[in-house]
Amino acid sequence: MRQQLLAPKDRKPIARTTYGGPQYVAVKGNVQRIELHRGCPWAKVHDFCYEPFEHEDFPIPALTKNQVQILDMNFLARKDALDIIKELGSKRVNGRVVHYEFICGIHFSLLTQEIANAMKKSRFVRPRLAWDGSFADQKKIKDSIKVFIKAGYKRNDIMLFMIVNWRIPYTECLRKLDVMKVWNVKVCDCCYDGGYKHAVPEYWTLEEMKDIRLKCRKHNQLVLFGIDPQPSINQYRSMKGVDILDKKVMVEG
Ligand code: SF4
């Protein structure tokens with residue numbers, strides 16, 4: 001089968017990183033964004049990621065907002081991660097508590113019950129796990145979700161990162177979405193390389209990229225609302241067959 005236009009192999013990587021620069025601390029509206037750690041032990045294995053292999057820890061900067069986003073790619077790779085999570089929970093800004101979010105998620109193999117409990121107690125919201133590997137990791141991911149549930153998080157607060165347009169095939173990602181529906185957790189589809197805006201068909205076709213975006217958006221609506229809030233948008237519209245909603249056929253009973 002003829003492939004779509006492939007990305008030129010010598011193209012420059014699309015990465016907007018702070019690597020090599022000073023610790024990132026910025027305020028965007030009511031949100032403060034900070035960096036506490038760089039480096040990942042899997043950086044030489046996951047060639048879709050620009051995280052450096054060398055590790056670097058940063059101190060907790062002065063907090064100025066009650067919502068703080070931590071941008072680290074793998075915060076739990078930090079050796080004192082548990083202590084830092086607990087310390088963050090004790091911080092106050094203008095006398096009020098602070099809510100935190102690991103924007104890039106955490107790696108399931110570094111998650112422990114103690115870490116999840118500390119995250120909940122320190123007011124970390126919307127926990128995200130990375131499921132960038134194969135479908136074969138499903139049991140490990142399911143166990144990690146249970147750890148978050150036991151810590152007090154609701155299922156539909158939990159999100160799983162899923163890389164698309166990479167070596168994990170389109171159909172395998174659809175199977176991941178199937179079990180995510182059973183688990184009632186949301187998906188963060190992350191398009192290789194540089195996000196949907198910049199990505200070109202690399203390992204998948206353009207149709208597959210567009211289709212998974214549509215299905216992931218619909219997936220999150222279903223998880224959030226427990227019903228399809230936009231039945232006019234059919235996530236299976238590229239497939240053959242008659243859809244009674246598309247045809248506006250009324251069925252009694
Ligand atoms: S994707 Fe996550 S686990 Fe993999 S190298 Fe990047 S930071 Fe590390």
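Visitor: How far is the sulfur of C173 from the closest cysteine sulfur, and in which residue is that sulfur?

Guide: A disulfide is a covalent bond between the sulfur atoms of two cysteines. This is a predicted model, and in it the closest cysteine sulfur to that of C173 belongs to C216, 7.8 Å away, which is too far for a bond. The cut-off for a disulfide is 2.5 Å.

Visitor: Is C173 buried or exposed?

Guide: C173 is buried, at a relative accessible area of 0%. Another cysteine, C49, has a relative accessible area of 23% and is partly exposed. The limit for buried is under 20%.

Visitor: C49 brings me to the ligand. Which residues are around the ligand?

Guide: C49 is one of them, along with C40, W42, A43, H46, F48, M73 and H107. By class, this shell has six nonpolar residues, two polar ones and no charged ones.

Visitor: Where does the ligand sit?

Guide: In the largest pocket.

Visitor: Now the backbone. Which residues does a cis peptide bond join?

Guide: Look at the omega angle. The bond between Y192 and D193 is cis, with omega about 15 degrees. D193 belongs to the loop that runs between β12 (186–191) and α5 (206–225).

Visitor: What is phi of N94, and where is N94 found?

Guide: Phi is the next angle to read. For N94 it is near 55 degrees, a positive value in a residue other than glycine. N94 is in the loop between β6 (92–93) and β7 (96–97). Its relative accessibility is 69%, so N94 counts as exposed.

Visitor: What is phi of N165, and is N165 buried or exposed?

Guide: N165 has a positive phi near 65 degrees, and N165 is not a glycine. With a relative accessible area of 0%, N165 is buried.

Visitor: Last, a loop residue and its contacts. With which residues is S122 in contact, leaving aside its neighbours within four places in sequence?

Guide: Contacts of this kind show which parts of the chain meet in the fold. For S122 they are I85, K86, G89, V98 and Y100. The C-alpha atoms of S122 and E87 are 8.2 Å apart, although 35 residues separate the two along the chain. S122 lies in the loop between α2 (113–121) and β10 (128–130), and S122 is buried, with a relative accessible area of 4%.

How values were computed
Residues are numbered from 1 along each chain as its sequence is written. This is a predicted model: local features need pLDDT of at least 70, side-chain atom pairs count only at pLDDT 80 or more; totals for chains, interfaces and linings use all residues. Side-chain values use heavy atoms; hydrogens and water are left out. Buried means under 20% relative accessible area, exposed over 50%, partly exposed in between (1.4 Å probe, protein chains only). Helices (H or I, at least four residues) and strands (E, at least two) are DSSP runs, numbered from the N terminus. A residue is near a molecule or strand if one of its heavy atoms lies within 4 Å of it. On a 1 Å grid over the protein atoms alone, a cavity is a set of points where a 1.4 Å probe fits but cannot get out, and a pocket is an open set with protein on both sides within 12 Å along at least five of seven lines; lining residues have an atom within 4 Å of a point. A molecule sits in a cavity or pocket if more than half of its atoms lie within 2 Å of its grid points. Ala, Val, Leu, Ile, Met, Phe, Trp, Tyr, Cys and Pro count as nonpolar, Asp, Glu, Lys and Arg as charged, and the others, Gly among them, as polar. Contact means heavy atoms within 4.5 Å.
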